[in-house]
Amino acid sequence: MFPLLRAARQIPGSEAPEAATVPVWFMRQAGRSLPEYREVRGEGTILHVIADTDRATEITLQPVRRYGVDAAILYSDIVTPVWAVGFGIDIVPGVGPMCEHPFESAADLERLRPLEPDIDLPYQAETIKNVVTDGGVPLIGFAGGPFTLASYLVEGRPSRTYTKVKALMFGQPDLWHQLCERISDIAIATLRAQVAAGASMVQLFDSWAGALRPEHYTEFVLPHATRILHEVADLGVPRTHFGINTGELLPLMADAGADVIGVDWRTPLSVARQRTGGRVALQGNLDPALTTGTWDVMQREVRRVLADNGGNPGHIFNLGHGVMPESDPGLLKQVVELVHEEGTC
Ligand code: CP3
């Protein structure tokens, strides 16, 4: 067994001695903080790099080699599947996902036809097979969650306020739910294809769901997140559900049925564990800003997260959100070493 899968299942280290370390990986571990990434990345939209299996395989494996992390995460993006069905979206370097014609009305549902993974994104399965053959670590697949993906499709670009997407959600609830159903169907097809190709675990990135209050999350997002997680349950791989600013939503996100809940840096793991009642493993939750600082401070903060977890076997060490372009790769490597040395499970 791999440490990642042991922790996701909350199995104590004593019951799986070969996997008795605290696993650690970093969201956005592949990317601009690595010079070797910038070398392979080239110019233009990241979507073309994702569709190039040789480069995507290499980029997926770079952080595994550099940091010694316990997992690879597929080099792709949450918008890749909607791009692949032809919605009309691009990822603009330095900005993020952008749509020339954002989602506005029922007619736009046609632009979100069902995903046929073998035809629409065959490169995804090929990259996963390459990584699983070469990598020596489990590979994490992923999809975008309903609110986060809807936010890009409706706003047409990254947003701080989510004004348009909330206007659609509150003002046209039927259309909102139809949109989320399309998004969820695409997420389910994506995740199922990733696991069929060799992914050992999956993560639903509803990164911006924390923009909603609990009652609204319950009404507008939770049924869809629940369906996605439920529809991949039979695959037998652990499922993680993640968002930032979700301190108030943690119990609801756990209700959606994941095995692991991602916790951002604002909520101590001990508090997150109380709120989720111990029924899920936790992933997190170092403040990503620390990765641009000094080892002195970092050491103290890594130990704080480990102490806060208190040796609970269900802990996957990670940042509370992603690696930043300014992150120091040397520090990240030291974090992995320290967690492996001192983490108890
Ligand atoms: O190592 C990994 O985490 C692997 C792959 C990965 C990427 N995007 C590659 C990527 C994953 C898991 C994602 C998910 C993703 N994409 C999320 C959810 C996770 C999170 O961060 O909350 C979101 C919200 C997106 C949307 C997105 N894609 C944004 C906001 C950006 C940044 C735009 C920029 O240039 O500042 C992207 C681009 C992107 N996706 C990059 C990478 C490595 C960076 C840039 C590049 O090389 O062009």
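**Figure 1. Tyr-37 and Tyr-75 in the predicted model.** Both Tyr-37 and Tyr-75 are buried. The structure, a predicted model, contains seven aromatic pairs. In one of them, the ring centres of Tyr-37 and Tyr-75 are separated by 5.8 Å and the ring planes meet at 65°, so this pair is edge-to-face. Helix H2 (residues 35-41) carries Tyr-37, whereas Tyr-75 belongs to the loop between strand E1 (72-73) and helix H5 (80-84); the pair therefore ties together parts that lie 38 residues apart in sequence.

**Figure 2. Further contacts of aromatic rings.** Phe-142, Phe-205 and Phe-242 are linked into a cluster by ring pairs. A ring contact of another kind involves Arg-111, whose charged end sits over the ring of Phe-87 at 4.0 Å from the ring centre.

**Figure 3. The open sheet and its edge strand E1.** Seven strands make up an open sheet, arranged in the order E1-E4-E5-E6-E7-E8-E9, with parallel pairing. E1 and strand E9 (315-319) are the edge strands, each pairing on one side only. Two bridges connect E1 with E4 in the parallel sense. Within this part of the sheet, Ala-72 is placed opposite Leu-139 of E4.

**Figure 4. The surroundings of Gly-320.** Gly-320 is found in the loop that lies between E9 and helix H16 (329-342). The relative accessible area of Gly-320 is 0%, which means that the residue is buried. Neighbours within four places in sequence being set aside, the contacts of Gly-320 include Met-27, Phe-242 and Ile-244. Val-263, Asp-264 and Trp-265 are likewise in contact with Gly-320, as are Asn-285, Leu-286 and Pro-288. From Gly-320 to Asn-245, the C-alpha atoms are 9.8 Å apart in space, although the two residues are 75 residues apart in sequence.

**Figure 5. The protein chain as the setting of the close-up views.** The protein chain comprises 16 helices and nine strands. Its radius of gyration is 19 Å, close to the 20 Å given by the globule rule for 345 residues, so the chain is as compact as a globular protein of that length. Along the principal axes, the C-alpha atoms occupy a box of roughly 55 × 45 × 40 Å. Buried residues account for 57% of the 345 residues. Of the contacts between residues at least 6 apart in sequence, 72% join residues at least 24 apart. The accessible surface amounts to about 13,500 Å², and 50% of this surface belongs to carbon and sulfur atoms.

Conventions: Residues numbered from 1 in each chain as written. Predicted model: local features only at pLDDT ≥ 70, side-chain atom pairs only at ≥ 80, totals over all residues. Heavy atoms only, no water. Phe/Tyr/Trp six-rings, centres within 6.5 Å; stacked < 30°, edge-to-face > 60°. Helix = DSSP H or I, 4+ residues; strand = E, 2+ residues; numbered from the N terminus. Buried < 20%, exposed > 50% of the residue type's maximum accessible area, 1.4 Å probe, protein only. Lys NZ or Arg CZ within 6 Å of the ring centre and 35° of its normal. Rg over C-alpha atoms; globule rule 2.2 N^0.38 Å. Contact = heavy atoms within 4.5 Å. Areas by Shrake-Rupley, 256 points an atom, 1.4 Å probe, with all protein chains shown as cover. Pairing = 2+ DSSP bridges.
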